[in-house]
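Here is a short briefing on a protein and its ligand.

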Amino acid sequence: MVKFFEKDPYAPIQYVYDVDKVLYKAKSQYQEILVIENEYFGKILILDGVVQLTERDEFFYHEMLVHVVMHAHPEPKRVVVIGGGDGGAVREVLKHETVEKLYFVEIDNEVINTSKKFFPTVSSQIDSPKVEIKNMDGAEFIKNRKEEFDIVIVDSTDIIGFAKSLFTVEFFRSVKEALKEDGMFVTLSESLHFHKEMVVNVQETMKLVFPIVDLYTAPIATYAGNWWTFSAGSNKLPLRQMRRPCISPTRYYSEEIHSHAFLPEGLYERLMKKLDW
Ligand code: SAM
């Protein structure tokens with residue numbers, strides 16, 4: 001049986017997947033794109049040797065990335081998704097009928113094309129008339145915008161290479177400026193097992209900019225370290241409270257998950273003081 005050895009840039013262990021079939025392999029202007037089939041996970045999208053999503057568990061990640069801030073906001077109408085070329089975050093955002101306009105800012109159009117071809121259930125909403133695709137760096141897109149958006153979501157590759165521009169204090173400042181008064185921001189921030197320093201670093205950097213910063217987690221089997229974090233920032237409204245009833249359908253996210261996903265205060269304090277678990 002052919003094996004795929006993941007090349008995660010920061011994990012202290014290596015994940016190995018059985019490959020039933022290689023469905024697609026190409027090199028775009030930005031990265032190597034690979035789609036394989038695995039008996040348990042179904043189709044898997046891999047960029048530069050790192051697993052981005054699997055058909056079996058993508059909903060855990062996409063629902064948790066999107067629905068926490070979307071439900072904490074009283075009425076999200078104008079939303080930006082940066083990265084997320086597979087379309088999973090776009091699909092979840094558009095489950096909210098309040099949304100009128102969604103800017104989908106993915107630097108690599110080849111990822112979008114690959115997802116449309118191999119992951120139709122993930123990319124299903126990309127062609128919605130509410131979606132405007134911008135093939136550019138998300139940091140460039142968000143620069144010099146003033147109070148235009150209700151929600152900004154970063155669904156990038158790991159904090160390496162061209163994704164690094166989405167984790168700087170300058171980027172967070174631009175996001176804050178681009179958000180309306182009630183605006184909210186969320187980004188992936190790696191794992192509490194393998195990348196604790198990165199999580200703390202993202203939190204500390206966001207705190208230089210946003211009056212409210214919080215941290216929540218979700219179990220993602222296929223991301224290195226599994227105990228995956230999301231860092232959220234808000235201009236005014238606390239993020240732990242839902243301000244609208246839970247939309248349907250969701251498979252993992254719910255009212256209960258919203259309140260339980262945030263790190264308990266004691267654990268958060270230990271993390272930020274850089275104490276050992
Ligand atoms: N959920 C996935 C994960 O965490 O592994 C991320 C999936 S999505 C495919 C990641 C996308 O972010 C890639 O398609 C990549 O091209 C895009 N991306 C990375 N840096 C970017 C940037 N600076 N601006 C816009 N898109 C970016």
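The centres of domain 1 and domain 2 are 23 Å apart, taken over C-alpha atoms. Domain 1 covers 2–54 and domain 2 covers 58–272; these bounds come from an automatic or database domain assignment. Where the domains make contact (heavy atoms within 4.5 Å), 25 residues come from domain 1 and 25 residues from domain 2.

**About the model**
- This is a predicted model, where local features need pLDDT of at least 70, side-chain atom pairs count only at pLDDT 80 or more, and totals for chains, interfaces and linings use all residues.
- Residues are numbered from 1 along each chain as its sequence is written, and side-chain values use heavy atoms, with hydrogens and water left out.

**Ligand position**

**Ligand shell**

**Polar contacts** (pairs of N or O atoms within 3.5 Å)
- The side chain of Tyr-61 has an N or O atom 3.5 Å from a nitrogen atom of the ligand.
- Ile-107 places a backbone N or O atom 3.3 Å from a ligand nitrogen atom.
- For Phe-162, a backbone N or O atom is 3.0 Å from a nitrogen atom of the ligand.

Conventions
Polar contact = N/O pair within 3.5 Å; in protein donor to acceptor, adjacent residues only side chain to side chain.
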